[in-house]
Amino acid sequence: MSASDQTCFNQPRLVTKKVLAKHQREGDGAIVRRCIGRSELKSLDPFLMMDDFTVSPPAGFPDHPHRGFETVTYMLQGGITHQDFAGHKGTIHTGDVQWMTAGRGIIHSEMPAGEGVHKGLQLWINLSSQEKMIEPRYQELLSEDIPSAEQDGVQVRVIAGESMGVRSPVYTRTPAMYLDFTLMPRSEVHQQIPESWNAFAYIIEGEGVFGYQNKSPISANHVAVLGPGDGVSVWNKSSSKTLRFVLIAGQPLNEPVVQHGPFVMNTQAEIDQTIKDYHCSQNGFEMAKYWRSH
């Protein structure tokens with residue numbers, strides 16, 4: 001739906017919960033604002049975690065494993081160099097996205113690319129029980145390859161899903177949308193969201209009004225969980241400041257979730273097996289015994 005379209009949704013999505021993403025330490029000396037995956041918002045099916053991270057050398061996220069879900073890393077400033085035990089290596093810079101399907105197992109490192117401050121968002125998306133043990137794969141989009149559209153003071157970058165008639169090429173195993181909106185002062189946007197999906201917004205910069213125009217604005221570093229409905233309306237009522245937020249939604253899996261750190265499965269027995277596989281370098285972790293990042 002276009003930014004100028006005033007048509008009301010059949011059921012507009014309203015904010016049901018607002019959570020401030022507070023600072024905590026993660027990795028090796030990195031600082032993150034944990035948006036999802038904290039006591040106030042443990043998860044939002046299919047989303048397991050989201051961090052707004054800030055890292056400067058020598059801090060970073062050294063060698064660590066994953067199994068059973070996907071990680072989506074979106075750089076806001078600077079760059080992160082990634083390497084894994086299968087020989088995949090690369091650097092994503094400001095505006096780039098890496099969509100990693102860990103599947104049956106990945107061990108990798110994520111470290112700042114050069115001096116200075118590096119910032120980004122990392123989202124964890126759960127995989128269904130049938131797909132938790134698939135082979136790992138990557139989808140990487142350079143900033144200039146992310147589809148975008150602009151209308152009536154609203155710009156959107158379509159990392160996944162569709163907005164303003166523009167569709168992302170990213171394949172989402174767990175159906176999802178990931179939109180980066182920038183609203184100029186006194187602009188508004190009306191975005192459709194499939195009714196069965198869970199959805200939230202994370203405000204990166206400025207403050208926005210969500211749902212109805214008479215609601216209180218929500219400021220930067222807050223997560224706004226959206227209730228049921230077929231779309232959300234957002235207003236930037238500031239006369240001088242830009243509003244930037246990501247709108248993320250996905251189809252819930254409605255499956256049991258058992259998590260042990262970077263391993264996410266459906267049962268405790270599967271977690272026990274995963275820990276054994278990791279320590280014994282088997283069933284997807286064969287190269288764990290020999291590989292170290294450098």
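Predicted model: local features only at pLDDT ≥ 70, side-chain atom pairs only at ≥ 80, totals over all residues.
A residue counts as buried when its relative accessible area is under 20%, as exposed when it is over 50%, and as partly exposed in between (1.4 Å probe, protein chains only). With 10% relative accessible area, R34 is buried. Residues are numbered from 1 along each chain as its sequence is written, and side-chain values use heavy atoms, leaving out hydrogens and water.

**Two domains**

- The domain assignment, which is automatic or from a database, gives domain 1 (21-143 + 259-293) and domain 2 (146-255).
- Taken over C-alpha atoms, the centres of domain 1 and domain 2 are 24 Å apart.
- In the contact (heavy atoms within 4.5 Å), domain 1 takes part with 35 residues and domain 2 with 31 residues.

**Where the domains meet**

- Domain 1 and domain 2 bury about 2800 Å² between them, with 63% of it on carbon and sulfur atoms; buried area is the accessible area (1.4 Å probe) that two parts lose on being put together, summed over both.
- D45, Y74 and W99 supply 20% of the area that domain 1 buries against domain 2, more than any other three residues.
- One salt bridge is found across this interface; the term stands for a side-chain nitrogen of Lys or Arg within 4 Å of a carboxyl oxygen of Asp or Glu.

- Side chains of opposite charge can pair when their charged atoms come close.
- The structure holds nine salt bridges.
- One of them joins R34 to E26, with the closest N and O atoms 3.3 Å apart.
- E26 is partly exposed, at a relative accessible area of 29%.
- R34 also meets D51 in a salt bridge (2.7 Å, N to O).
- D51 lies in strand β4 and R34 in strand β3, so this pair ties together parts that are 17 residues apart in sequence; strands are DSSP runs (E, at least two residues), numbered from the N terminus.
- Both D51 and R34 are buried.

**Salt bridges around K22**

- K22 and E40 form a salt bridge through their side chains (3.7 Å, N to O).
- K22 sits in strand β2 (residues 22-26) and E40 in the loop between β3 and β4, 18 residues apart.
- K22 is partly exposed at 41% relative accessibility, and E40 is partly exposed at 27%.

Technical notes. Helix = DSSP H or I, 4+ residues; strand = E, 2+ residues; numbered from the N terminus.
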